[in-house]
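Hello,

I am passing this structure on to you. Please look at it first; my notes follow below.

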Amino acid sequence: MLRIRRAGVVAATAALMIMTAGCAEKETAGDSGTSSGPIRIGAVLDITGAGASLGVPERKTLELLAKQLNDAGGINGRKVELIIEDNQSTEDGAAKAMNEMVSKKVDIVLGASRTGPSLAMRAIAESAKMPMISLAANVRIVDGATWVFKTAQNDSVVLENIIDYARSKGWKTIGLLRDASGYGEGVAETLTELGKPHGITVSQVEKFAPDATDFTAQMINIRNANADVNLIWGIPPAAALAQKSYRQLGITTPLLQSHGIGNQVFLDTAGDSADGLVAPLGRLLVADQLPDSDPQKAVLTKFLADYRAAYNEDPSTFAGHAWDAFQLAVEAFKAVGTDKQKVRDYLEQVNGFVGVTGVYRMTPKDHSGLGKDALVLVTVSGGKWQLLPTS
Amino acid sequence: MTDLLQLLLAGVSVGAVYTLVAMGFVAIYTVSGVINLAQGEFAALAGLVAISATGSGLPLPVALLLAILTVVIVAAVMQRVTIAPVKRMTTLLSIILTLGVSTALKAAMLLIWGPEGHGLTPFPGTDFTLAGVAVRAQYLWILAVTALTAVAVTWFYERTLLGKALRACAEQPTAARLVGISIARASLLSFAIAGLLGAVAGVLASPVYFSAWDSGLALGLKGFVAATLGGLVSIRGAVAGGLVLGVLESLVAGYVDSGLRDAVAFIVLIVVLVVRPGGVLRQHSVARV
């Protein structure tokens, strides 16, 4: 658990003074957040455990953004207090942390990093009427939700890209090796559904635990299925170890990966074996290769520079999910203050917000707001991300 | 056929790592009746120390020695601080104490190395394909070193005076003390041996299976299940148990359902505890009183 201390001390003193002096003001503000004192942003992230390679850069991003914001004077004169909890990459950890956030009466909750923990938090957010922005992929996190939004691309959007790519290559069968946790659930079904109109089928589905290290068995079954193309759907390090195992067993079928691999950990772990894979990923990884006309170029370039200056490393696409969630929350607070109902209503009509992951167009039906264009096809060569030329 | 061989190779290789961890459980349990729940953490710690050492420029053999030495010292200190002062050790007490040490070690590793997992540089050698089976050089290292270690440990317990003294403590503590064997020193030595075995498992496994602050949990649990197959008191039983468990996992993942892989160890544990609490593969030679 981390707090931004400096802001905290100032803000706490201010809050104390206001509380003793102006009780009337608090009453008018009601239960849905005070209108003065620090704005409290809660974050529940997968900082340890299977999701660590996601949660750590997300935490760094949130800390960086909160510091920048407070140095610039905060939101409408109010400082921001960041409260980060680790859910240890578990569903029960996420639910517990979410309950703590609710009892601490934070103004919004960001997280979790992965689908499973996010789903565990969703029910609590809905019943406590707490605005929440998840950083995870699976569409079920926001499907039919009132209070929950998310910044990672929906898996269906990613799969549309994959189907498009398969069509352009003339591939008809796909072998799927997926994460056995929430992230991989529903992938085979969505892929089958999206592929049906184009005669593309899923010929084999294999699963692995998010913390798996040996993939021999799954790879043998994938090899025997002899699909036109294989898709690994997971996050590093598991996705990277699977990539290694695939090459090591000498499977030559073209290999696709999901948008779950967008960080340096993947490249470091997979090493040479990553060369030649194709994955639909956020633009962040190939920001320097984008044309200047790209609407996200400016946002991406600034985020890259800030993050590199602060941490001396490149941010991952997951860091980008955190950037978007934080900035969406800040936009909402700037526009409507901290009234939870108003924040929720504001988030639902966000239209054209340019983030790191994509350009957001939320609707009451779509709390993810990202379309197929939020991804570009990326390949790896010589240990570097390369934008795949559009054919 | 190729598939079966490939699955067997993967199974035997991971099984060898379970074997080393299982031998550590046995080494301690036979001497002092302590079930050391920090056994998996020994492996994780060794892997992480070795990764840091190679990262800071030390050659691999030096890094390995350093890692193993560190863990042996940690194990010995652990015995001195938490186990030795207890006058009357019960199984429950030992579980609580070692669980505490395990949690403390995990927290320390998390603080020092952070939450992300890493892999040690693979040992020298090139990967090759034999009759359609892809063989990693690291698999051969794991198998060879495990085999050597198992032989050495068996020889130590069955042929050397010191080893026999340790077994004497296990079988007749009072009689052992009467003939001049120090139980306290035997217990210390058993922890050092367990630390050594855990550390060897950790550095061997790290290039393939990765090391992280929390990777000791799964290793420890599976090593424990492997040791249980031999009734917790037999080195040979632990060797067989580890290999059987590894192969079983691999075959189940390959032929039944890859999602069931991690369930195998626990199903085996339940079956063994219900049907043969004394161990399925138990050898007649070692008897605990």
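Chain A is split into domain 1 (2-153 + 299-374) and domain 2 (155-281), with bounds that come from an automatic or database domain assignment. Before the rest, two points on reading it. This is a predicted model, in which local features need pLDDT of at least 70 and side-chain atom pairs count only at pLDDT 80 or more, while totals for chains, interfaces and linings use all residues. Residues are numbered from 1 along each chain as its sequence is written, and chains are lettered from A and ligands numbered from 1 in the order in which they are written.

The two domains of chain A

The C-alpha centres of domain 1 and domain 2 of chain A are 31 Å apart. Between them, 22 residues of domain 1 of chain A are in contact with 22 residues of domain 2 of chain A (contact: C-beta atoms, placed from the backbone, within 7 Å). On the domain 1 side, α3, α5 and α12 (317-336) of chain A each supply at least two residues; helices (H or I, at least four residues) and strands (E, at least two) are DSSP runs, numbered from the N terminus. That side has nine nonpolar, eight polar and five charged residues. Here Ala, Val, Leu, Ile, Met, Phe, Trp, Tyr, Cys and Pro count as nonpolar, Asp, Glu, Lys and Arg as charged, and the others, Gly among them, as polar.

Chain A against chain B

Contacts link 25 residues of chain A with 24 residues of chain B. Two or more residues of the chain A side come from each of α3 (52-71), β8 (201-208), α8 (216-225) and α10 (264-270) of chain A. α8(A) gives the most, with six residues. By class, the chain A side has eleven nonpolar, eleven polar and three charged residues.

A helix pair

The axes of α4 (residues 91-103) and α5 (residues 115-128) of chain A come within 8 Å and cross at roughly 30°. Axes are lines fitted to C-alpha atoms, for helices over the stretch in contact, and angles run from 0 to 180 degrees between N-to-C directions. α4(A) and α5(A) are therefore roughly parallel (angles under 35 degrees). Among the residues that meet are A:Met98 and A:Val102 in α4(A), and A:Met121 and A:Ile124 in α5(A). This contact has ten nonpolar, two polar and one charged residues.

One residue

A:Glu193 sits in helix α7 (residues 187-195) of chain A. A:Glu193 counts as partly exposed because it has 13 C-beta neighbours inside 10 Å (buried is 20 or more, exposed 12 or fewer, partly exposed in between).

Regards

Notes
Two residues are in contact if their C-beta atoms, placed from the backbone, lie within 7 Å. Angles under 35 degrees count as roughly parallel, over 145 as roughly antiparallel, 65 to 115 as roughly perpendicular and the rest as oblique.
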